[in-house]
Amino acid sequence: MKSSQPIGLFDSGVGGTSIFMEIHRLLPMEHIIYLADSKNAPYGKKSKKEIINLSIKNTEHLLLRDCKLIVVACNTATTNAIHELRLKYRVPILGIEPAIKPAALNSKTKTIGILATQGTLSSELFAKTSSTFTKNIEVIEVEGKGLVEAIEHGAKDSQETYALLERLLKPMIEKGIDYLVLGCSHYPYLIPQIKNLLPDNVKIIDSGEAVARQTKSVLKELGILAQTQQRIPEFYTNTNPTVLRELLQLSEPPFNFSLSSLDF
C-alpha cells in the first residue's frame with residue numbers, strides 16, 4: 001500500500017459525512033472517497049444478512065478505487081458486518097460503535113441514554129459492548145425510529161423532526177440521564193435540536209473524533225500516512241445528490257469537493 005492511495009468511507013446514506021468531517025479535519029492531506037448508499041437507507045430496518053451483503057458491495061466499490069483503508073461510517077453496518085468484512089478482505093477496516101464506555105465511566109447519575117437504530121440495538125456486538133461497560137449503570141435504549149429518514153430527506157430542521165426528537169428523548173429525560181450516546185452517524189446533524197430538548201447537565205457524545213484518531217493511528221502504524229496534499233475529497237451517491245451537497249456545504253471551514261451520482 002502507498003501513502004498516496006485514498007481512504008474509503010461508506011454509510012447507509014449521508015450520515016457518515018459526520019465521520020468524514022472529523023477525519024478530514026484531522027488528516028487534511030488524505031484523499032478520501034465517500035459512498036452514500038442512500039438508495040438502501042436506512043440499514044437499521046434490514047436483516048443481518050442484507051446488511052452484510054450491502055456492506056460487501058460498498059467495500060468492493062471502494063477497493064476498486066484502490067483504497068488503502070476502509071472506514072465503515074455506519075453504526076448498523078459496523079455492529080452487524082465488520083467481522084465478516086475483516087475476514088474477507090486484507091485491507092485495514094475500521095468501524096464505529098456507540099461511545100458507551102466513556103458515558104458509563106463518567107456518568108454521575110449512573111443513568112445513560114443511547115439513541116440508535118434497531119439494527120444497532122439488536123446486534124450481538126452492541127450487546128457485548130454494552131454488557132462489558134454498563135455494570136451498575138442504568139441504560140435507557142431508544143430506537144431513533146424515523147430520524148435517519150428525516151435527515152436523508154433534508155428534513156433535519158423541520159418541526160416534525162423536532163417533535164419526533166421530543167418524544168424519543170422524553171423517557172431518557174424522565175429517568176435522569178446525564179449522558180446521551182448517539183449511536184448512529186446520522187444523528188450528529190440533530191445535535192442543535194437535541195441540545196434544546198435536553199437539560200443543561202446532559203452531555204452528548206458520538207464516535208466521530210475517536211474514529212478519526214484511530215484512522216490516523218492505523219495509517220501511522222502502517223507507514224502510509226499521506227505526507228503531501230492529495231486530491232480533493234470525492235463523494236458518490238446512488239440517489240439525488242441535493243441533500244448530500246447541502247450537508248457538505250454546511251462544513252466549517254468550507255472545503256472543496258467533487259460530488260457525483262453513481263449506480264451502485
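This is a predicted model: local features need pLDDT of at least 70, side-chain atom pairs count only at pLDDT 80 or more; totals for chains, interfaces and linings use all residues.
**Entry 1: the largest pocket**

I looked up the terms. A pocket is an open set of points on a 1 Å grid over the protein atoms alone, with protein on both sides within 12 Å along at least five of seven lines; a cavity is a set where a 1.4 Å probe fits but cannot get out, and lining residues have an atom within 4 Å of a point. Helices (H or I, at least four residues) and strands (E, at least two) are DSSP runs, numbered from the N terminus.

I read a volume of about 1000 Å³ for the largest pocket. Its lining has 42 residues, and I19, D206, S207, G208 and E209 lie nearest the centre. Among the elements that give two or more residues to this lining are helix 1 (17–26), strand 8 (203–205) and helix 10 (208–222). I sorted the lining of the largest pocket into 21 nonpolar, 10 polar and 11 charged residues. For these classes, Ala, Val, Leu, Ile, Met, Phe, Trp, Tyr, Cys and Pro are nonpolar, Asp, Glu, Lys and Arg are charged, and the others, Gly among them, are polar.

**Entry 2: helix 1 and helix 10**

How do helix 1 and helix 10 cross? I found that their axes, lines fitted to C-alpha atoms over the stretch in contact, come within 8 Å and cross at roughly 45°. Helix 1 and helix 10 are therefore oblique to each other; angles under 35 degrees would be roughly parallel, over 145 roughly antiparallel and 65 to 115 roughly perpendicular, with the rest oblique. I19, E22, I23 and L26 of helix 1 meet residues of helix 10 that include G208, E209 and V211, where contact means heavy atoms within 4.5 Å.

**Entry 3: helix 2 and helix 3**

I checked a second pair. The axes of helix 2 (residues 48–64) and helix 3 (residues 75–88) come within 9 Å and cross at roughly 60°. That makes helix 2 oblique to helix 3. On the helix 2 side I listed K48, I51, I52, S55, I56, T59 and E60, which meet T76, A77, N80, A81, E84, L85 and K88 in helix 3. By class, I have 6 nonpolar, 4 polar and 4 charged residues in this contact.

**Entry 4: the second largest pocket**

I then read about 180 Å³ for the second largest pocket. Of the 13 residues in its lining, S38, E152, H153, T239 and V243 lie nearest the centre. Helix 7 (147–152) and helix 11 (242–249) each supply at least two lining residues, and helix 7 has the largest share, 3 residues.

**Entry 5: the cavities**

How many cavities of 30 Å³ or more does the structure hold? I found 3. The largest cavity has about 90 Å³ of space, and its lining includes P42, K45, T117 and Y187. The second largest cavity has a volume of about 60 Å³. It is lined by 13 residues, with S12, C74, T76, T117 and C184 closest to its centre. For these volumes, grid points are joined across faces, edges and corners, and the space is that filled by probe spheres set on the points.

Note on methods: Residues are numbered from 1 along each chain as its sequence is written. Side-chain values use heavy atoms; hydrogens and water are left out. Axes are lines fitted to C-alpha atoms, for helices over the stretch in contact, and angles run from 0 to 180 degrees between N-to-C directions.
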